[in-house]
Amino acid sequence: MATEGPEVRAVLSFTRLAPNKVRRVLDQIRGLSYREALMILEFMPYRPCGPVMQLLRSAAANAEHNNGLDRTKLVITQATADGGPVLKRFQPRARGQAYRIHKPTCHIVIGVRERADNQGEEE
């Protein structure tokens, strides 16, 4: 996929979501156009869809405001979820024992780039 122009990124850090659950959503939208990705995220039933949709809109706003790119021509070129620090908590159990609870966090990065004009006509 040939794209032109600079890649514009938006980053969401320290989100209280498990990285593997966010990756399940990001794999569905990677490589799609901005509008297609928004439609898919709106109707997916998973919890990470809300923060990912908000981050995608932020990346599009960054591209439009900072670089003067057209939202209708944007394509998602990068979508990653890396693990962040894990919050460790303890739950009391029987006979004075403790059960460890891990609350994962993640860092989500979405990058968009403007697609070439002739690609929209071919698809």
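Q: What makes Arg71 count as partly exposed, rather than buried or exposed?
A: In this predicted model, Arg71 has a relative accessible area of 27%. Buried would require under 20% and exposed over 50%, so Arg71, at 27%, belongs to the partly exposed residues.

Q: Why is the meeting of the side chains of Arg71 and Glu64 called a salt bridge?
A: The N to O distance between the side chains of Arg71 and Glu64 is 2.7 Å. A salt bridge needs a side-chain nitrogen of Lys or Arg within 4 Å of a carboxyl oxygen of Asp or Glu, and therefore the pair Arg71 and Glu64, at 2.7 Å, qualifies. Glu64 is also partly exposed, with a relative accessible area of 39%.

Q: How do you know that Asp27 and Arg30 meet in a salt bridge?
A: Their side chains are 2.9 Å apart, N to O, and because the cut-off is 4 Å, the pair Asp27 and Arg30 counts as a salt bridge. Asp27 is partly exposed at 47% relative accessibility, and Arg30 is partly exposed as well, at 40%. The structure holds two salt bridges.

Q: Why is Ala116 called buried?
A: The relative accessibility of Ala116 is 14%, and since buried means under 20%, Ala116 counts as buried. Ala116 lies in the loop between strand E5 (106-115) and helix H4 (117-122). Ala116 and Lys73 are 43 residues apart in sequence, with a C-alpha to C-alpha distance of 8.0 Å in space.

Q: What makes H2 roughly antiparallel to H3?
A: Helix H2 (residues 34-43) and helix H3 (residues 49-67) pack at an angle of about 160°, and their axes are 9 Å apart. Angles over 145 degrees count as roughly antiparallel, so H2 is described as roughly antiparallel to H3. The crossing of H2 and H3 is left-handed, and the residues that make the contact include Leu38 and Leu41 of H2 and Val52 and Leu56 of H3. Divided by class, this contact of H2 with H3 has nine nonpolar, no polar and two charged residues.

Q: Why is H1 called oblique to H2?
A: The axes of helix H1 (residues 19-29) and H2 cross at roughly 140° and come within 9 Å. An angle must be over 145 degrees to count as roughly antiparallel, and roughly perpendicular covers 65 to 115, so the crossing at roughly 140° makes H1 oblique to H2. H1 passes H2 in a right-handed crossing, where Val25, Gln28 and Ile29 in H1 meet Ala37, Ile40 and Leu41 in H2. The residues of this contact are five nonpolar, one polar and no charged.

Conventions
Residues are numbered from 1 along each chain as its sequence is written. This is a predicted model: local features need pLDDT of at least 70, side-chain atom pairs count only at pLDDT 80 or more; totals for chains, interfaces and linings use all residues. Side-chain values use heavy atoms; hydrogens and water are left out. Buried means under 20% relative accessible area, exposed over 50%, partly exposed in between (1.4 Å probe, protein chains only). Axes are lines fitted to C-alpha atoms, for helices over the stretch in contact, and angles run from 0 to 180 degrees between N-to-C directions. Helices (H or I, at least four residues) and strands (E, at least two) are DSSP runs, numbered from the N terminus. Angles under 35 degrees count as roughly parallel, over 145 as roughly antiparallel, 65 to 115 as roughly perpendicular and the rest as oblique. A crossing is left-handed if the near helix is turned anticlockwise from the far one by less than a right angle, and right-handed if clockwise. Contact means heavy atoms within 4.5 Å. Ala, Val, Leu, Ile, Met, Phe, Trp, Tyr, Cys and Pro count as nonpolar, Asp, Glu, Lys and Arg as charged, and the others, Gly among them, as polar.
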